Amino acid sequence: MPIAPAALRLAVAVAGFLLAATTSTATSATAQTPTVPVPQEFDATSAAGWSPPLSTQGRYIVDSRGNRFRLEGANWDGAQGSWTGSGSADDPANHHAGQDSHGIPLGLDRVPLGQLLADFHQLGINTIRLPFSNEMIHRTTPVPDSAVAANPQLRGRTPLEIYDAVVEALSGSGFAVILNNHTNTSRWCCGIDGNERWNSSQSTQSWADDWVFMARRYAGVPGVVGADLYNEVRRDVLDDPNWGMGDDHDWYAAARLAADRILTEADPRLLIVIEGINWTGVPADGLPHGRPVLTPARTLSHTLVDAHKLVYSAHFYGYTGPHHSGATGIGETHDPRYQDLSRDDLYAALQDEAFFVEESGRHYTAPVWVSEFGIGSDESNPAARTWFGDTTDYFADHDTDFAFWPLVGFAGHDDWALLRYDESGHRSGILDGDDWRGAAWQHLMTAPSRTGPVAAVPAWRMLSIDHGDAVESLRVRAAGDWDPGAYKATCPDGLRLAGLGHTSGRGLCTDSTGSGPGDLRAAGGDQTAVTDERYVPADGDWASGYTKLQCPEGSFLIGYSARGERVSAALCVPARNPLAGAGRTVWFDRSDNRPADAAGGDFAYGDYKGQCADGEYAAGIAFTTRVGSRPGPAALLCRRIS
């Protein structure tokens with residue numbers, strides 16, 4: 001979100017003082033989870049023209065009918081907090097842009113809720129990203145009557161109860177609603193503010209508990225389609241977030257935990273939105289620093305229990321840059337801002353930092369949602385204006401899912417808002433002819449976009465047991481621990497194992513059959529954990545001198561386990577149809593051995609990899625425990641599906 005550049009990364013620039021948390025975190029609310037009543041009607045055949053829930057096919061989001069649903073949205077902020085962190089929170093001057101949100105979505109003090117929704121529809125948007133703070137969830141004090149002056153029906157309610165009413169109204173009006181955990185505390189984001197990470201002012205456990213609480217609370221509201229896990233994960237004074245190191249600052253692991261709990265304990269309908277890392281390092285010339293965004297997903301991507309629920313997200317503002325914090329003065333470096341880049345260099349940066357994720361047939365393939373971008377109507381800098389035009393052109397040309405920041409503001413206070421309202425409720429903003437942003441906005445909203453049915457495409461997902469189990473099959477989980485004491489990995493239901501790394505513990509899953517996606521597994525929960533060579537036929541030694549863990553006839557691999565680097569077991573399940581017996585041995589202990597046109601991408605970066613071809617299934621793993629050899633997987637038995 002935009003913030004005064006001089007204060008944006010002030011403390012990041014000069015580490016050396018201690019961060020004071022602005023509030024303590026209340027205990028988890030998960031134990032008691034009231035559910036918001038379902039709106040009386042959700043007319044999916046109305047002008048909204050879509051049917052929840054949403055899922056993904058390759059780089060596209062689709063509705064329950066399989067039709068493309070492009071997220072064309074905006075951020076209705078306020079419930080995440082507006083206090084800037086200094087001075088009395090009772091003084092509006094100490095809130096962002098002089099706007100005291102009282103911890104609820106902005107504008108309810110001056111415009112009836114129904115009129116706000118009508119104005120949102122006039123913009124042409126279909127999606128609302130609705131930020132909240134963890135502190136908001138636990139507040140029990142009703143907001144002052146003045147905060148809902150234009151909506152007297154909301155008097156006497158807590159911030160969460162008002163959030164409930166807003167969610168219900170948005171859903172009933174045909175909007176897709178994506179819940180966004182923006183901050184721990186109800187304080188304006190995003191600098192050094194006690195909200196840098198999901199666990200800056202609370203534990204990871206409490207954070208995940210709150211997500212289960214929120215997802216359960218709105219499980220009956222059909223318009224609630226997604227959980228945007230956390231906003232702009234970034235460095236605090238002393239330390240960086242990371243992607244995959246397995247410690248308390250590991251955003252990859254935390255997102256995986258919360259996603260799993262949401263989908264298995266709360267609401268399996270939801271899209272899971274995972275934003276990249278917004279900032280690492282100290283912004284000072286000569287020291288390492290930058291904006292990783294989604295680049296870590298090239299080598300370590302998320303695999304969820306539902307292979308069609310992952311959406312990656314990124315934020316782009318002109319005053320920031322690939323290695324520029326956005327600060328002016330203290331914390332400013334000589335790195336270019338995005339608005340300083342040529343059109344070609346800007347587009348290259350967007351591709352490198354985020355949009356590579358939309359490449360088809362990769363383990364990281366997913367829709368990319370630019371869930372924040374924006375600029376002010378009072379902006380006069382030609383470079384900033386050019387950036388906005390170039391960026392909206394890119395989004396239009398690439399059919400990008402997006403959400404503008406922010407949607408609602410107070411007239412005379414926040415010129416960034418698409419819609420601004422004065423104290424009498426009079427509206428101004430981007431719908432007016434004198435707003436210079438209008439032409440770019442209209443181009444973005446009206447450019448040709450893919451619509452209608454999206455054909456099913458093969459899914460490719462990676463498995464990682466770097467720091468623990470990666471059992472992504474609900475059917476396997478229901479059967480219990482199939483190799484106690486080992487690190488275990490299994491593909492999501494509907495996918496099978498297609499590739500392995502030699503020493504990394506990484507695996508590759510797919511549902512590709514050579515002629516499109518398909519689930520080979522038979523109905524039921526039958527499975528076999530293979531720990532010896534009992535299923536290797538007497539005349540079928542496909543890896544002489546190596547230990548072979550081979551599936552029973554008519555079965556195929558969906559998982560593997562390891563103890564340290566050593567292979568421990570192979571997990572096999574029966575096929576629904578007869579499988580062909582002809583096969584080949586794919587060795588990968590000395591070099592990569594993958595089809596020339598292999599999909600999936602580099603699922604085990606820096607490691608030798610073996611992979612079966614499209615139209616094949618993996619039926620066995622071979623390894624050795626000879627002295628001087630690595631005990632990881634060395635070969636796969638690959639057989640034709642038909």
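Residues are numbered from 1 along each chain as its sequence is written. The model is predicted, so local features need pLDDT of at least 70, side-chain atom pairs count only at pLDDT 80 or more, and totals for chains, interfaces and linings use all residues, while side-chain values use heavy atoms, with hydrogens and water left out.

Helix α6 has 14 residues and reaches 20 Å from its first C-alpha to its last. That is close to the 20 Å expected at 1.5 Å a residue (the expected span is 1.5 Å times one less than the number of residues). Twelve of the 14 residues of α6 are buried (buried means under 20% relative accessible area, exposed over 50%, and partly exposed in between, with a 1.4 Å probe and protein chains only). Among them are T204, W207, W211, F213 and R217. The cover over these buried residues includes α4 (134-138), α5 (159-172), β5 (176-183) and α7 (251-266).

W207 is found in α6. Its relative accessible area is 0%, so W207 is buried. The C-alpha atoms of W207 and N134 are separated by 7.6 Å, although the two residues are 73 apart along the chain. The side chains of W207 and N181 are joined by a polar contact of 2.8 Å (a polar contact is a pair of N or O atoms within 3.5 Å; within protein, one must be able to donate a hydrogen and the other to accept it, and residues adjacent in sequence count only if both atoms are side-chain atoms).

In soluble globular proteins, nonpolar side chains tend to be buried together. The largest nonpolar core has 113 residues (a nonpolar core is a set of buried Ala, Val, Leu, Ile, Met, Phe, Trp, Tyr and Cys residues joined through side-chain atoms within 4.5 Å). Its residues with the most contacts inside the core are W76, F120, L229, W251 and L407. Helix α7 gives the largest share of this core, nine residues. Another core, of 28 residues, lies apart from it and has A307, C491, C509 and A570 among its members. Beyond residues up to four places away in sequence, W251 touches W207, L229, V233, W243 and I277, among others.

V233 stands opposite I277 in β9. Strand β7 (residues 233-234) and β9 pair in the parallel sense over two bridges (two strands pair if DSSP finds at least two bridges between them). Strand β9 covers residues 277-281, and five of its five residues are buried. Two bridges also join β9 to β10 (residues 289-290), and these strands run antiparallel. There, G281 has H289 as its bridge partner.

The whole structure holds 30 aromatic pairs (rings of Phe, Tyr and Trp, the last by its six-membered ring, pair if their centres lie within 6.5 Å; planes under 30 degrees apart count as stacked, over 60 as edge-to-face and the rest as tilted). The rings of W243 and Y312 have centres 6.4 Å apart and planes at 40 degrees, so this pair is tilted. W243 lies in the loop between β7 and α7, and Y312 in β11 (residues 310-315), so the pair ties together parts that are 69 residues apart in sequence. W243 counts as buried at 11% relative accessibility, and Y312 is buried at 0%. The rings of F356 and Y364 have centres 5.3 Å apart and planes at 75 degrees, so that pair is edge-to-face. F356 is buried, with a relative accessible area of 0%, and Y364 is buried, with 7%. One aromatic cluster includes Y347, F373, W387, F402 and W441.

Strand β17 (residues 460-464) has five of its five residues buried. W460, M462 and S464 point one way from β17, and R461 and L463 the other way. Strand β17 pairs with β21 (residues 506-510) in the antiparallel sense over five bridges. W460 stands opposite T510 in β21.

Five strands form an open sheet of mixed pairing, in the order β18-β19-β24-β25-β22. The edge strands β18 (470-471) and β22 (528-530) each have a single partner strand, so one side of each is left without a neighbour in the sheet. Within the sheet, β24 (residues 555-563) and β25 (residues 566-574) pair in the antiparallel sense over eight bridges. F556 stands opposite V573 in β25.

Conventions
Helix = DSSP H or I, 4+ residues; strand = E, 2+ residues; numbered from the N terminus. Contact = heavy atoms within 4.5 Å.
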